[in-house]
Amino acid sequence: RDVRIEDLLGREPIDLKLPELSAALEGTVVLITGAAGSIGSELSRQVALNQPRTLVLFDQAETELFYLERELREEHPRQQIVAVIGDIVDAAALERVFATYRPARVFHAAAYKHVPMMEVNPREAIRNNVIGTWRVADAAGRHGAGEFVLVSTDKAVKPVSVMGETKRAAELVVLEAQERHPDTVFAAVRFGNVLGSSGSVIPVFRKQMAEGKPLTVTHPEATRYFMTIPEAVQLILQASILPDVRGRIAMLEMGEPVLILDLARNLLDLSGVHRNGDDRIVFTGLRPGERLHESLTAPHEQTQRTAHPKVSIVTTSCSRGVPILPLLSSIEAALERGEDGMDVLDAVLDGGAAKLAAGAPKGMFMT
């Protein structure tokens, strides 16, 4: 039979009841960056169900945004939906959007996320994930948004990849933005791999199966925390209404990490594909920037319960070290010179030693 994403999760899907959400969103202006992506589009659908006055969809992916806008207009013909083509690093474009629509809530889902690709494109990773996050967060604070929520990742925990470092830097940007703009609630949400999202392992596996090719697994012991797109979106929305999320990171209870090898085996078995042992699976080796196992918290972080039993708040027990906001001008200057700015980012995160210890390829930050 056709395999549902939930069949491969390794646990019961989490359903967060959000009765307070409608009251929080109804009649407001909501801005979603990266609205055309896997997370952003589902976030747009869920927000639209709660009848905001205006839903602003911001993305640079023209075709995907076209289809999303069309879908939402058909589903919600009386709702004001605005599709804006733009780049989150374009300060003038953001200024125009914020000044025109004055969003009360901002969900920042725009990001470059593919780990191996960002290893060879560090300049764009920093430009988009770090500078872009600050541009959106700063605009939200200056224009009086009530709340800004960053979509983060477990790759930001003890990062060993360019993508992970830039997302950890984005978390720090958001936490420091809370101090810069105290009248706006700033928060981040952190979760693992999203099953079924664009470019993730399940679409890749399904394409390989359709073409009669073996499924490619990086390492027989590699594990990941997995969640579905609806779970991810529920977490983002839940975080936006938690009273104690101001200046913090929220995290969903995701159960135990899943062996990617088991994921491949289960997909083959449930799809009725005969296999003799693992003859339909090949191991390709970890790609640049990847590690065997991910964590949801760093050694200096603890989790704190919230009013919802499936959602925790991550707290830090030690100083975050070098503030990142004062160094953004240095990073931008490096980008203007055609450099990647990783030396400055490493100074903030002290990530260079972590990468060497993890055995990451040398020269991975060269453009």
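Select Arg102 first, in the loop between α4 (91-101) and β4; helices (H or I, at least four residues) and strands (E, at least two) are DSSP runs, numbered from the N terminus. The model is predicted: local features need pLDDT of at least 70, side-chain atom pairs count only at pLDDT 80 or more, and totals for chains, interfaces and linings use all residues. Residues are numbered from 1 along each chain as its sequence is written, and side-chain values use heavy atoms, with hydrogens and water left out.

Arg102 is not a glycine, yet its phi is positive, about 50 degrees. Its relative accessible area is 47%, so Arg102 is partly exposed (buried means under 20% relative accessible area, exposed over 50%, partly exposed in between, with a 1.4 Å probe and protein chains only).

Next, select Lys158, in the loop between β5 (147-151) and α7 (162-180). Lys158 also has a positive phi, about 45 degrees, although it is not a glycine. With 42% relative accessibility, Lys158 counts as partly exposed.

Now turn to strand β1 (residues 29-33), where 5 of 5 residues are buried. In a regular strand the side chains alternate between the two faces of the sheet. On one side of β1 are Val29, Leu31 and Thr33, and on the other Val30 and Ile32.

Val29 has Thr54 of β2 as its bridge partner.

Finally, display strand β4 (residues 105-108), which is paired with β1 in the parallel sense over 4 bridges. There, Val106 of β4 stands opposite Leu31.

Terms used
Two strands pair if DSSP finds at least two bridges between them.
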